[in-house]
Amino acid sequence: MPAMDEPALKAQLKTGDLSRVYFIYGEDNYLKQHYVNQIVKAALGGGGNDFNLHRLPGKNLDVDQLAAAVEQLPLMSKRKCVCVNDLDMASMPAVAHGKLLQLLSDLPDTCVLVLWYSGVTPSMSATKYKSALDLIKKSGSIVQLGHRDAASLTRMLCDGAKRRGATLSAPHARLLLERCGNDLNQLMGELDKLCAYARGREITPEDI
């Protein structure tokens, strides 16, 4: 099943022409959390109006509660946003899954629904997922966010060090990748520690 990649999602967010529903999954939890936050920000017009933001846990989700949140009109705003984390559709009771499909088939244009996965790996080939994803494709975006390649991560680490008041050369960034791997959560945590330790100077191999 084709999925939107990171550049396509960035382009969509830049235009502000949001989908009614997003299904976000993949290997990189840092990127998933980042883009969920960006979607929320765009849906709410860049403001922090918490009245129009609902975050619901996917575990033991009450689909009637979800439907009520999605269908409720936004308060003094064009749109509201509802985020559900780690909804395991494969384990949903048949009645609840049927209600979810009904909701996905007729989403209002006053809400952006975000279904995203950080602790649960969705079984994309499972029947309950496939039926939901078929509906999501009609009015929404399926977004797969995997780990970035080494060149992209190297640039990101160098730029990130500069924003934190330190200097990190490309060879030393690649050394950090060799030591820590390509998970952005871990890399950003290590970069924060290195920049704090270096205190404005260049980060050396000895620091790493």
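**Notebook: fold order and helix packing**

I read the element order first: from the N terminus on, the protein chain runs α-β-α-β-α-β-α-β-α-β-α-α-α. I took helices (H or I, at least four residues) and strands (E, at least two) as DSSP runs, numbered from the N terminus. The protein chain has eight helices and five strands.

I noted that this is a predicted model, where local features need pLDDT of at least 70, side-chain atom pairs count only at pLDDT 80 or more, and totals for chains, interfaces and linings use all residues. Residues are numbered from 1 along each chain as its sequence is written, and side-chain values use heavy atoms, with hydrogens and water left out.

**Confidence and extent**

I looked up pLDDT, the predictor's confidence in each residue, from 0 to 100. The protein chain averages 93, and 98% of the residues score at least 70. Confidence is lowest in helix H1 (residues 6-15), with a mean of 93, and highest in strand S4 (residues 111-116), at 98. The C-alpha atoms of the protein chain fill a box of roughly 60 × 40 × 30 Å along the principal axes.

**H6 against H8**

I used axes fitted as lines to C-alpha atoms, for helices over the stretch in contact, with angles from 0 to 180 degrees between N-to-C directions. Helix H6 (residues 150-163) packs on H8 at about 35°, with the axes 10 Å apart. I listed the contacts (heavy atoms within 4.5 Å). Leu-153, Met-156, Leu-157, Gly-160 and Ala-161 in H6 meet Leu-184, Leu-187, Met-188, Leu-191 and Cys-195 in H8. I sorted these into nine nonpolar, one polar and no charged residues. For the classes, Ala, Val, Leu, Ile, Met, Phe, Trp, Tyr, Cys and Pro count as nonpolar, Asp, Glu, Lys and Arg as charged, and the others, Gly among them, as polar.

**H7 against H8**

Helix H7 (residues 170-180) and helix H8 (residues 184-198) pack at an angle of about 125°, with their axes 11 Å apart. H7 and H8 are therefore oblique to each other. I applied these limits: under 35 degrees is roughly parallel, over 145 roughly antiparallel, 65 to 115 roughly perpendicular, and the rest oblique. On the H7 side I found Leu-176, Leu-177 and Cys-180, which meet Gln-186, Leu-187, Glu-190 and Leu-194 in H8. By class, the contact of H7 with H8 has five nonpolar, one polar and one charged residues.
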